[in-house]
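Me: Could you take a close look at the salt bridges in this model and tell me where the paired side chains sit?

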Amino acid sequence: MTESLLDPAPPEGHSRRPGTLDDGVTRRARSVSRSAPPGERLGLDASVRARRLGLRLPDDLSFESWEKVGDQLNVIADSSTWWLADWLVFGEESFPDRYRAALARTSLSYKTLRNYAWVARKIPMSRRRDTLSMQHHAEVAALPEGEQEMWLTRAARENWPLSRLRKEIQAGRAGALRPQPVSVTVTVQVSSEREERWKAAAEVASVPLLEWIALTLDRAAVHGGIVM
């Protein structure tokens, strides 16, 4: 049976550190400072010539233009991972018998491709944040949709680096696993004579009646006896 890039289970090792992609791939863990407006077509300044093995910049390029090109390159580099991931998902869904032959053209390991496709399928484009890296999204991909939305919103709003997002999620999990105190209501029927006796004892102890009853029962439980 052919293994699928779109397996519903997380990639191997993903449960331990959901944000970890293949070590052989340059990780773009920091968010881009200036992102392109949603829906805008990405590209480089017209004066720049991009080639397979390099980038040619004109000698008279101003600092402002050079800085703009850097921003454009950051956006393209971060976006290209998503492009590849969505390309993989489309290929497997549309060409299940032929898409594997095209994977060799990416020069990336199968594990990396599988991770990319898994994250892309878990987090649709409508939930992605253009100010966060794919690593941020990978960190929340294994969570329910509501939690994905919550963590991505907070990370984008507060400009969290990947390490901060990871710590916040871990802290949230620890709090959820910590046993919470449970309150119960106990109803006891007593005679009016006993009620008056208890009230008198609570007044002598200068504590409310219900607190006196609770303290008395706690002492009885500790000492293993019954207070008469």
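Reply: Happy to. A salt bridge here is a side-chain nitrogen of Lys or Arg within 4 Å of a carboxyl oxygen of Asp or Glu. Side chains of opposite charge can pair when their charged atoms come close. This is a predicted model, in which local features need pLDDT of at least 70 and side-chain atom pairs count only at pLDDT 80 or more, while totals for chains, interfaces and linings use all residues. Residues are numbered from 1 along each chain as its sequence is written, and side-chain values use heavy atoms, with hydrogens and water left out.

By this rule the count comes to 8 salt bridges. One of them joins Arg128 and Asp86, with 2.9 Å from N to O. Arg128 lies in the loop between α3 (110-122) and α4 (134-140), and Asp86 in helix α1 (residues 63-94), so this pair ties together parts that are 42 residues apart in sequence. The helices are DSSP runs (H or I, at least four residues; strands are E, at least two), numbered from the N terminus. For accessibility, buried means under 20% relative accessible area, exposed over 50%, and partly exposed in between (1.4 Å probe, protein chains only). Arg128 is buried at 15%, whereas Asp86 is partly exposed at 26%.

Another pair is Glu139 with Arg166, whose closest N and O atoms are 3.1 Å apart. Glu139 belongs to helix α4 and Arg166 to helix α6, so the bridge ties together parts that are 27 residues apart in sequence. Both of these residues, Glu139 and Arg166, are buried.

Arg157 and Glu158 also form a salt bridge, with their closest N and O atoms 3.7 Å apart. Arg157 is exposed, with a relative accessible area of 56%, and Glu158 is partly exposed at 37%. Asn159 is exposed, with a relative accessible area of 54%.

A word on confidence: pLDDT is the predictor's confidence in each residue, from 0 to 100. The protein averages 79, and 76% of the residues score at least 70. Over residues 22-36 pLDDT stays under 50, and the model has 40 contacts (heavy atoms within 4.5 Å) beyond four places in sequence for them. Where pLDDT is low, the predicted coordinates should not be read in detail.
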